[in-house]
Amino acid sequence: MYRMRLWSARNAAWLGALYNVWENILIRLHPLFARIGYERLDNLFLSIEKPIKGFLFDSRSCGQCTLNITGMSCPMNCPKTMRNGPCGGVRPDGACEVKPDMPCVWVVARDGNRRMNKNEHTIELVLPPVDARLQGTSAWMRKVREHNSHPELESLR
Ligand code: SF4
């Protein structure tokens with residue numbers, strides 16, 4: 001929902017903290033998830049994740065969530081799906097070039113990132129292109145699997 005999306009970025013500080021707590025709980029449950037099987041759990045978690053993130057962030061369930069480093073502003077809402085900062089068309093008032101009635105998602109992301117009191121550089125991490133094969137999968141489950149495969153990368157976030 002569009003209004004909720006802007007509200008979420010304005011409330012990025014506590015939403016981000018809550019998100020981190022939830023993520024840490026899931027990471028600790030890795031032994032259990034591994035025993036059950038991630039493939040079996042994906043649809044279950046997606047059925048919870050999709051409506052929550054859809055309502056709060058207008059999430060498109062790309063399966064590669066960046067909310068934690070983009071100030072709780074989902075880059076998939078950019079009409080050009082820019083993943084690494086704004087295009088060159090941001091209007092002087094911060095509005096989107098393609099949809100002038102909405103603020104650029106990256107302007108919102110920068111504000112949200114500041115509210116999260118994060119190292120400013122996190123938003124400047126270069127993200128890989130969207131992998132269409134992950135569309136409609138649980139980003140939560142992917143995060144837990146990634147953490148357990150490459151825990152050293154977590155210090156960058
Ligand atoms: S102005 Fe911002 S939201 Fe609009 S297309 Fe460019 S990067 Fe995307």
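**Patch, salt bridge and ligand shell**

Tutor: Helices α2 (12–28) and α3 (30–36) each supply at least two residues of the nonpolar patch, and this is, to be clear from the start, a predicted model.

Student: What makes Val21, Trp22, Ile25, Leu29, Leu32 and Ile36 a nonpolar surface patch?

Tutor: Membership requires over 30% relative accessible area, no salt bridge, and nonpolar side chains joined within 5 Å; these six names make a patch of about 480 Å². The largest share, three residues, comes from α2, the helix in which Ile25 has its place.

Student: Why is the contact of Arg5 with Asp58 called a salt bridge?

Tutor: The rule asks for a side-chain nitrogen of Lys or Arg within 4 Å of a carboxyl oxygen of Asp or Glu, and the closest N and O atoms of Arg5 and Asp58 are 3.0 Å apart, so the pair qualifies. It links distant parts of the chain, with Arg5 in helix α1 (residues 2–10) and Asp58 in the loop between α4 (38–57) and α5 (105–115), 53 residues apart. By this rule the count comes to eight salt bridges.

Student: Which kinds of residue make up the shell around the ligand?

Tutor: The shell divides into 10 nonpolar, no polar and two charged residues. The surrounding residues include Cys78, Pro79, Met82 and Val90, as well as Lys80 and Glu97; because Lys and Glu count as charged, Lys80 and Glu97 belong to that class.

Methods:
Residues numbered from 1 in each chain as written. Predicted model: local features only at pLDDT ≥ 70, side-chain atom pairs only at ≥ 80, totals over all residues. Heavy atoms only, no water. Near = heavy atom within 4 Å. Patch = residues over 30% accessible without salt bridge, like charges linked within 9 Å, V, L, I, M, F, W, Y side chains within 5 Å. Areas by Shrake-Rupley, 256 points an atom, 1.4 Å probe, with all protein chains shown as cover. Helix = DSSP H or I, 4+ residues; strand = E, 2+ residues; numbered from the N terminus.
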